[in-house]
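Subject: Structure handover

Hello,

Here is the structure I promised to pass on. Please open it and keep it in view while you read my notes below.

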Amino acid sequence: MRPEQKLKKIPNGENGIVIKKSICTICDPLTQCGLDLYIKDGKIVKVEGSKEHAYNQGSLCPKGAATRQYVYHEDRIKTPLKRIGSRGSNQFIPISWEEALETIACKLNVLKKEYGPESVAFFSGFTKYFRPYLKRLTHSFGSPNYITESSCCYHATAMTQALVFGRQGLPDMANTDCLLLWSGNPFYTNPGNGRNLVKNQERGMKLIVVDPRITPTTARADIHLRLRPGTDGALALAMAHVIINEKLYDQDFVANHTYGFEEYRDYVQHFTPEEGHRLTGVPADLIKEAARMYAKAKTAAIFPSASAVVHHTNGIQNYRAVFCLAGLTGNYDIKGGNRYSPHSFIHIAGLIPTREQEFIQPRPWEEMPPRIGSDRFPVWPEVVDEEGQAMQLPYQIRSGQPYPIKALLGFGMNYRMWPDSEGLRQSLNMLDFFVNIDIFMTDTCKMADIVLPACTSLERSELRCYPMGYIIFTQPVIEPLYESRSDVDIIYQLAEKLGLEDELFAAGYETSIDYILEPSGITVAELKKHPAGMFVPNPVRPPEKSYLQNGFATPSGKLEFKSKILEKYEDKMGIAALPVYTPPKHSPEATPDLAKEYPFILNTGSRMPMFVHTRTFRLSWNSCLKKNQPAADINPEDAERLGIKQDDYIRISTPKNSIVVRANLTQMAQPGVVHMHHAFAQADVNILFEADYLDPISGFPGFKSALCNIEKVNETEVC
Ligand SMILES: Nc1nc2c(c(=O)[nH]1)N[C@H]1C(S)=C(S)[C@@H](COP(=O)(O)OP(=O)(O)OC[C@H]3O[C@@H](n4cnc5c(=O)[nH]c(N)nc54)[C@H](O)[C@@H]3O)O[C@H]1N2
Ligand SMILES: Nc1nc2c(c(=O)[nH]1)N[C@H]1C(S)=C(S)[C@@H](COP(=O)(O)OP(=O)(O)OC[C@H]3O[C@@H](n4cnc5c(=O)[nH]c(N)nc54)[C@H](O)[C@@H]3O)O[C@H]1N2
Ligand SMILES: [Mo]
């Protein structure tokens with residue numbers, strides 16, 4: 001090799017560049033691609049997808065590609081800060097870590113003494129890696145109020161599966177003959193699953209996609225069921241009508257392993273395919289075709305979404321109706337169906353046995369006051385073991401009912417992501433004490449009394465496992481920038497300052513991980529020998545049809561078409577035990593008068609490939625990929641009727657509030673529906689929602705089926 005060629009090759013042993021391994025955590029938690037970071041003089045100079053990593057195998061999305069912009073962004077919080085001006089005024093002075101941690105510990109201990117430990121709530125935003133330690137901190141402190149963003153993401157999906165199956169059942173995509181992808185757009189939201197989809201279609205898997213929009217995923221479907229938002233229950237019941245009446249169901253499974261079939265069968269009789277068409281907008285013939293394809297397939301699996309189907313005021317009942325289809329066809333816990341897959345770590349079924357549950361729950365719920373949200377959403381604590389229902393936090397701060405919340409320690413709290421975001425902002429203002437820990441100076445941080453700088457994942461270590469039985473414990477590839485620290489270090493340092501007598505906190509982070517992983521035989525020392533991660537040595541896959549030995553983990557011991565848990569709330573709360581379909585609380589069917597004034601369905605938060613919630617708007621490499629934002633997607637027919645042209649300004653209004661955005665005319669949106677991305681600071685769609693526009697069972701917000709109006713706004717009015 002000539003010397004100049006050698007110099008071009010990096011690293012070449014002479015130019016001071018080394019490659020270090022880590023993962024990208026800008027998305028969280030399933031899509032964590034392996035990274036090769038080129039480091040020179042302690043700085044990241046180049047980023048590539050890691051070919052060695054089992055999940056992404058070298059690929060990288062636009063967010064990961066912008067890692068350097070993310071890490072070195074000027075909005076990074078540099079030191080701990082103490083507020084000196086009024087809340088929101090952004091007047092802070094830098095303070096030392098010692099002063100910050102002392103102040104926080106002292107204040108929390110005073111409030112604990114005066115109002116009880118439950119008066120302090122501990123919150124986690126979308127970031128997951130520190131959650132086990134944060135939950136342990138909360139309980140060790142004595143508070144039941146560990147709450148997270150999962151109060152509007154995933155838990156409701158898990159709840160529906162728990163109500164129907166007793167526990168979760170993930171789709172066995174690699175072995176199924178037919179995938180019923182009931183909402184989801186993995187090509188944007190989870191590229192690994194996108195790749196799996198393509199691979200499995202190539203081997204002959206049939207694909208049915210249920211989505212109101214046209215997306216890259218619906219474009220690949222054998223059948224696209226393009227329903228009106230929030231009508232999923234009616235569609236699933238109409239499919240059940242076909243499956244039952246054409247005797248396509250698994251009669252042996254239904255007879256021996258299910259509960260409530262007769263009543264369910266009778267209820268389903270209302271939902272003829274024609275009625276299904278009337279309620280959902282999907283042609284009756286297509287409903288029949290999809291039902292037959294799903295039921296006749298030798299094996300079929302339902303691919304659930306973490307949020308889109310449950311972001312409705314009728315979300316739980318709708319998704320129960322969907323999962324009942326797996327009960328009808330016996331596609332639960334079999335190869336190629338929806339398989340029971342126990343969690344290994346942080347909600348991921350990683351094929352390793354762990355002691356995570358023991359670690360995160362040092363004190364049983366019964367020894368503490370009820371968690372936030374338990375009184376309003378009593379089904380939640382019955383089914384969700386992990387945490388409180390955070391959507392009730394603003395109400396509890398304001399009302400002091402059933403007991404006061406005085407302080408909030410937020411790790412990545414961002415009020416913009418909540419329904420009635422402005423209402424939450426005002427509630428935060430009423431706290432005695434609010435601490436927020438974030439990488440960037442957000443508007444929510446500006447409301448805090450103390451702000452702490454978290455470092456990014458490249459400046460710290462983290463344990464992560466993957467569904468294919470892969471595990472990694474990353475090491476920092478650069479020193480923490482400025483005075484930032486890892487969230488985990490902050491938690492362990494606070495535990496010490498708070499004077500908590502907790503052996504595992506005293507023993508430190510890595511000892512805690514060894515404790516959690518102990519049943520698997522994997523140790524931190526072993527993981528450190530595999531910087532790019534490793535396959536789990538003895539992956540644990542539960543046997544098929546585990547219900548044959550132990551029954552289902554439901555109160556009846558069977559797969560429940562009719563929920564015994566919900567039965568208890570039929571009289572008290574009017575919650576149906578069958579998966580009864582009611583239209584969204586605000587909809588042309590349920591509130592025709594309101595719909596005269598607000599004739600459009602407002603569907604918010606469909607993901608874009610270059611943005612993750614509030615995280616990447618500030619990165620120019622990402623924002624330049626989507627011009628003229630913030631914009632709402634509307635159908636050209638609607639636009640023409642209202643005299644709206646591409647990029648015109650429009651006002652979206654609901655009875656609660658209004659915002660002005662640009663119009664993007666696209667066939668991806670069906671007529672009558674307005675799609676708006678969440679999280680834009682300049683036009684925050686979440687101010688349009690009432691705080692109590694929630695599903696009565698899960699407490700999840702109706703982010704995807706409110707009513708709104710749109711009208712053209714003259715440019716002169718905007719500028
Ligand atoms: N209208 C509407 N609203 C929605 C949704 C919708 O579809 N429509 N979707 C909902 C769903 S499903 C979700 S999951 C939520 C997400 O809502 P959030 O969790 O609030 O969203 P993020 O913006 O991802 O993260 C919150 C904060 O965490 C910070 N952060 C990032 N990494 C770290 C870290 O390592 N440590 C710390 N301490 N902070 C960090 C970010 O800078 C950000 O300020 O939004 C919900 N809101
Ligand atoms: N790039 C990127 N990736 C992400 C995220 C991100 O912000 N950006 N967020 C992460 C998070 S927190 C989550 S929860 C996941 C979400 O992941 P996905 O569920 O895959 O993605 P979404 O775009 O939220 O929703 C998928 C589809 O649901 C459809 N939909 C909307 N309303 C309804 C309805 O009423 N019924 C049905 N059947 N479908 C409906 C939308 O049209 C959309 O195409 O993505 C994760 N991945
Ligand atoms: Mo989410």
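One caution before the findings: this is a predicted model.

Begin with β1 and strand β2, which covers residues 34-40. The two run antiparallel and are joined by seven bridges. Within that pairing, Lys-21 faces Asp-36 of β2. The three strands make an open sheet, ordered β1-β2-β3, with antiparallel pairing. Which strands stand at the edges? They are β1 (17-23) and β3 (43-49). Each has a single partner strand, so one side of each has no neighbour in the sheet. From one strand to the next, the twist averages 30°.

A charged residue also sits over a ring here. Lys-46 lies over the face of Tyr-38, 5.4 Å from the ring centre.

**Aromatic pairs**

How many aromatic pairs does a search of the whole structure find? The count is 31. Two of them are worth a look.

Take Tyr-249 and Phe-261. Their ring centres are 5.3 Å apart and their planes meet at 35°, so this pair is tilted. The angle falls between the limits: stacked needs planes under 30 degrees apart, edge-to-face over 60. The pair links distant parts of the chain, 12 residues apart. Tyr-249 is in the loop between α10 (232-245) and α11 (251-257). Phe-261 belongs to helix α12, residues 261-268.

Then go to Tyr-492 and Phe-505. Here the ring centres are 4.9 Å apart and the planes stand at 90°, so the pair is edge-to-face. Tyr-492 is in helix α20 (residues 487-497) and Phe-505 in helix α21 (residues 503-507), so the pair ties together parts 13 residues apart in sequence. Tyr-492 has a relative accessible area of 10% and is buried. Phe-505 is buried as well, with 7%.

Both residues belong to one aromatic cluster. Phe-359 has a charged residue over its face: Arg-136, at 4.8 Å from the ring centre.

Next, find Met-668. Its place is the loop between β25 (658-665) and β26 (673-676). Met-668 is partly exposed, with a relative accessible area of 27%. What does Met-668 touch, leaving out residues up to four places away in sequence? The contacts are Pro-212, Arg-213, Ile-214, Thr-215 and Arg-226.

Follow the chain into β26. In a regular strand, side chains alternate between the two faces of the sheet. In β26, both faces are covered. Val-673 and His-675 are buried on one side, Val-674 and Met-676 on the other.

β26 pairs in two senses. With strand β22 (residues 600-604) the pairing is parallel, over four bridges. There, Asn-603 stands opposite His-675. With strand β23 (residues 631-634) the pairing is antiparallel, over two bridges. There, Ala-632 stands opposite Met-676.

Best wishes

Methods
Residues numbered from 1 in each chain as written. Chains lettered and ligands numbered in written order. Predicted model: local features only at pLDDT ≥ 70, side-chain atom pairs only at ≥ 80, totals over all residues. Heavy atoms only, no water. Pairing = 2+ DSSP bridges. Axes fitted to C-alpha atoms, helices over the stretch in contact; angles between N-to-C directions. Phe/Tyr/Trp six-rings, centres within 6.5 Å; stacked < 30°, edge-to-face > 60°. Buried < 20%, exposed > 50% of the residue type's maximum accessible area, 1.4 Å probe, protein only. Lys NZ or Arg CZ within 6 Å of the ring centre and 35° of its normal. Contact = heavy atoms within 4.5 Å.
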